[in-house]
Amino acid sequence: MLTLLERYGPGTLPPALSRGLGPLAAADPERVIRWITSPDRHEHRHEPVPPPGVLHRLVRADSASLVVLGRHWLNRGAHFGALVKALAPGLRPAFVDAVADLGTRGNPALSVLDLLPRDRRSTEVRRAAAEFDGTDYWWDDLDTLAHGPLDEARPALLAAIARPDADDRAIAWPLFVACVERDGGREAVTELLTTAGRRLRNERDPVRAEALGALAGTHPRLFAPEDAPLLDALTADALGARDCSAATLTALRTFAVRQFVEHAGDGSTDLRDWSLRTLERITSRVGVPDFGALHRILRRGQEHQVLDTLRPWLDAAAERADFRLLLGLAAALGPRARRLPELQERLAGALRRGDDETFREAARLWLAAPQTRDERVARIVALDPSCAVLPPVRRVLSRRRTDLLDTLLGGTAPYGRFLVDGARRPLPDLDDSDRWLPRQQQAAVRLAAEAVADPSLPLDDRAALIRAAAPVPRFGRDLAFAHTDDPEAVVAEAALGALPWTDRPHDSLPTLLEQAGGDRARVAVYAASRAARFAAPSELARALGPLLTGERPAKVTSRKEAVRLAARFLPPRQAVSLLASAFRAPDRHPDVRAAVVRALPPLLGEPEARRLLDDVARDDALPVHEALLAVTPWELAEPYRRAYAEVVVAAYDTGLGLTEGFGGGYGLLRSMGVWCRCSPDLAARIARTVCDLDGRTHWQTAGWVLRDLAVSGLPHPVGGAAPGSVFHGAVAELLAALHTAEGGCDAGERRDLPALQRLRNLTSFGHVDGVRPQLLEDVVRQLAPEPLLTAERADLLGQLIDHTTDPEALPDRLAELADVLDGAGVTAALHTTGRLRTSSAHRAAPRHVDVMLTAADRFARDGGTAAGLLAIGLVKSTGLALGWPEEWRALLRLLRAHENADVRHEAYRTMTQSE
């Protein structure tokens with residue numbers, strides 16, 4: 001699996017592959033790291049962070065490899081932070097130091113301060129603070145200070161929360177809270193709450209919301225009972241503010257609930273009482289108690305403590321017939337509420353004494369327990385039969401207590417508290433009709449039919465009722481058939497679409513296919529695809545035959561769908577016979593023939609299907625050829641791929657001849673390129689298109705396809721550029737043509753160096769993914785004798801250097817590039833060296849950097865223009881990635897004193913720091 005990933009893996013990690021790296025990392029973490037850090041991969045900007053399980057396996061790799069991975073991910077903050085977090089805390093400082101030793105543009109420790117031990121964190125903060133010069137964003141400096149000791153950060157933090165701009169204060173408050181939380185001292189907490197109470201009282205709500213949100217995110221044990229008065233004042237001020245927003249309310253609710261859960265079992269009740277008072281104040285402000293998802297927060301059994309604590313509040317509210325607190329608590333406890341008998345009894349009391357809204361919500365919560373649902377729904381219906389129309393009650397009646405379903409389906413509607421006189425009764429869920437008695441099914445469909453016939457209802461509601469009633473045995477089918485000719489198009493088409501979902505879908509096939517020539521074909525023909533699944537093959541063949549041959553008038557779309565149905569549901573021999581008749585139908589509609597071709601792949605085991613492909617190769621319609629090439633080799637069984645590729649070869653000239661305009665055949669040529677793996681002859685035909693100087697329409701797109709084939713990694717001779725390959729042969733032929741009268745036509749009236757233009761197009765790999773060094777070496781070697789391609793050869797050498805990971809091979813390749821640039825001219829040298837990425841921030845390694853430094857120094861002292869520009873390119877790409885250490889800055893200063901004006905100009909354009 002790792003070999004496949006290295007050879008054919010994607011340039012970026014899709015989420016599924018990122019999650020699935022665990023077994024590979026466990027088997028060989030070194031190889032996985034080498035693949036992740038490979039320069040051949042082009043990572044996506046938003047590549048997902050591997051899950052913790054994968055990272056914990058990767059950190060078992062050799063320390064040197066792990067440091068390379070850290071350097072690779074350094075510019076991706078989330079990735080680097082996750083990797084450091086996966087390490088044991090004691091190993092993190094040494095790992096961060098090792099990454100920094102590889103050369104960075106900044107201090108890696110500053111991006112993971114939260115993950116470092118306290119002493120090391122304080123040291124890094126002091127070191128960074130000593131270098132603050134006011135050129136960075138103030139909030140970044142403040143964030144760094146907030147990770148250090150509170151005593152040292154206090155002046156800057158207090159000044160920040162007093163800044164004149166509200167947005168600045170909103171940024172500063174979370175940093176102040178986080179700094180206090182890291183300190184953890186009682187004096188610090190008291191100072192924080194005192195300052196917050198004083199400054200937030202008349203603060204703008206966005207700032208207040210940020211501060212309270214930060215407080216809510218702290219650990220609940222940060223606060224002690226003596227903090228309750230300060231928290232009380234803070235809460236009262238926030239809820240009393242005129243501009244109190246939903247964000248503030250949410251932060252307060254989260255803060256109160258977390259404190260309540262943490263301190264519910266404490267001996268002191270101060271914080272617990274503050275939490276309850278806060279929730280009560282929020283409820284009095286907005287009217288709806290919201291505890292959040294308590295069942296996800298509470299520890300096991302803690303729901304009993306919550307109920308014991310809230311019992312006085314619940315009793316007091318019940319005396320006023322106010323059940324909002326009860327309903328909010330039951331909803332917040334979720335499944336845990338079912339295991340509290342007292343709470344369940346209180347819900348039953350809410351049903352008896354509550355208003356209509358209370359009744360609805362209490363019924364939903366009371367029926368949530370599966371063990372008692374059947375008995376409780378009977379008690380609810382006994383209270384008031386009109387309760388049967390409530391959704392939670394109706395759902396239980398439909399699925400469980402079908403013996404009570406007659407309350408809803410009887411001849412007389414259950415008018416009462418929840419269904420006023422004259423109102424239309426809601427239907428039970430017809431998806432559950434298979435649980436009902438036949439008379440109940442008939443009654444439900446009768447009510448649905450009455451609603452469908454009511455013109456006052458919206459058309460969409462009437463159509464939805466037909467679709468919902470269709471699965472009801474017999475009665476749903478009768479309802480759908482009754483409305484297939486409805487004057488309203490929405491209703492009629494809903495009825496046609498519902499027919500295949502009845503209990504006898506095959507009976508609807510003739511009705512659906514009768515619509516193939518009319519306006520309802522857009523619905524009926526596609527509905528027939530489901531009905532065909534249940535029809536006998538003989539019956540289906542008789543129904544489809546007239547459509548396929550054109551004997552029955554039908555829309556082209558209907559005939560194409562008939563082709564697909566025949567191929568999918570009929571026996572292969574019978575299907576091929578019908579498809580052949582459709583292909584040779586008298587009208588020879590190209591879209592129908594294209595549909596036949598696209599349906600053939602699963603049927604190629606039949607000789608008649610293979611003979612039909614021969615006719616396809618000679619067809620004169622572009623859609624037919626597009627359908628032929630839309631098939632990929634992986635859709636066919638192995639024995640048929642080579643024969644299919646031969647058909648593609650036979651159709652090559654005809655297919656390309658049907659395309660129009662420049663680039664019109666690119667789609668066809670790309671599809672043909674996929675089939676080259678099964679037929680090297682097809683690759684040779686594409687190369688012939690590139691080299692045929694008489695053809696001027698498709699040579700460029702054919703060149704792109706041929707170039708992609710060379711990069712694809714397919715076996716020789718289709719893939720690669722080695723001698724004997726298709727790509728090598730095309731380049732050799734064009735190189736020879738460059739010195740002929742036709743291919744070397746110099747500034748002619750109608751042409752100008754056609755062979756040279758084609759060579760440049762063919763050998764341009766700058767924007768092609770997955771290019772391997774061996775391919776670049778082969779192309780560079782082949783272009784060496786041609787002086788007109790010196791600039792192209794230099795560009796390829798630059799790309800080859802970018803792909804070089806072996807430090808031993810770098811000096812020779814750099815020397816060769818310098819020699820080539822010496823004869824390419826200043827423009828080519830600037831273009832090539834400006835694109836060098838020899839030591840990006842994701843790949844820097846000590847030996848690699850040392851070789852680069854030595855080579856750049858040698859080129860800088862060479863004195864030549866090309867060598868000097870190459871030195872500039874190396875300095876610019878490597879020095880910037882390393883954060884401009886002294887040795888690279890010294891080299892830049894040397895280049896600024898170079899004897900050549902072009903070199904000096906480029907050196908002075910390269911800056912180590914921005915003002």
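This is a predicted model: local features need pLDDT of at least 70, side-chain atom pairs count only at pLDDT 80 or more; totals for chains, interfaces and linings use all residues.
**Exercise 1. State how much space lies in the largest pocket and which residues are closest to its centre.**

Solution. Step 1: the largest pocket holds about 1300 Å³ of space. A pocket is an open set of points on a 1 Å grid over the protein atoms alone, where a 1.4 Å probe fits, with protein on both sides within 12 Å along at least five of seven lines; lining residues have an atom within 4 Å of a point. Step 2: among the 39 lining residues, Arg105, Gly106, Asn107, Leu110 and Asp136 are the closest to the centre. Step 3: two or more lining residues come from each of helices H9 (118–130), H10 (138–146) and H50 (865–881). H10 gives the largest share, 4 residues. Helices are DSSP runs (H or I, at least four residues), numbered from the N terminus.

**Exercise 2. Locate Arg277 and Asp232 and explain what their salt bridge ties together.**

Solution. Step 1: the closest N and O atoms of Arg277 and Asp232 are 2.8 Å apart. A salt bridge is a side-chain nitrogen of Lys or Arg within 4 Å of a carboxyl oxygen of Asp or Glu. Step 2: Arg277 belongs to helix H17 (residues 270–286) and Asp232 to helix H15 (residues 228–240), so the pair ties together parts that are 45 residues apart in sequence. Step 3: Arg277 is partly exposed at 29% relative accessibility, whereas Asp232 is buried at 17%. Buried means under 20% relative accessible area, exposed over 50%, and partly exposed in between (1.4 Å probe, protein chains only).

**Exercise 3. Describe the salt bridge of Glu792 with Arg760.**

Solution. Step 1: their closest N and O atoms are 3.1 Å apart. Step 2: Glu792 in helix H46 (residues 790–802) and Arg760 in helix H44 (residues 754–762) are 32 residues apart. Step 3: Glu792 is buried, at 19%, and Arg760 is partly exposed, at 40%.

Key:
Residues are numbered from 1 along each chain as its sequence is written. Side-chain values use heavy atoms; hydrogens and water are left out. Grid points are joined across faces, edges and corners, and a volume is the space filled by probe spheres set on the points.
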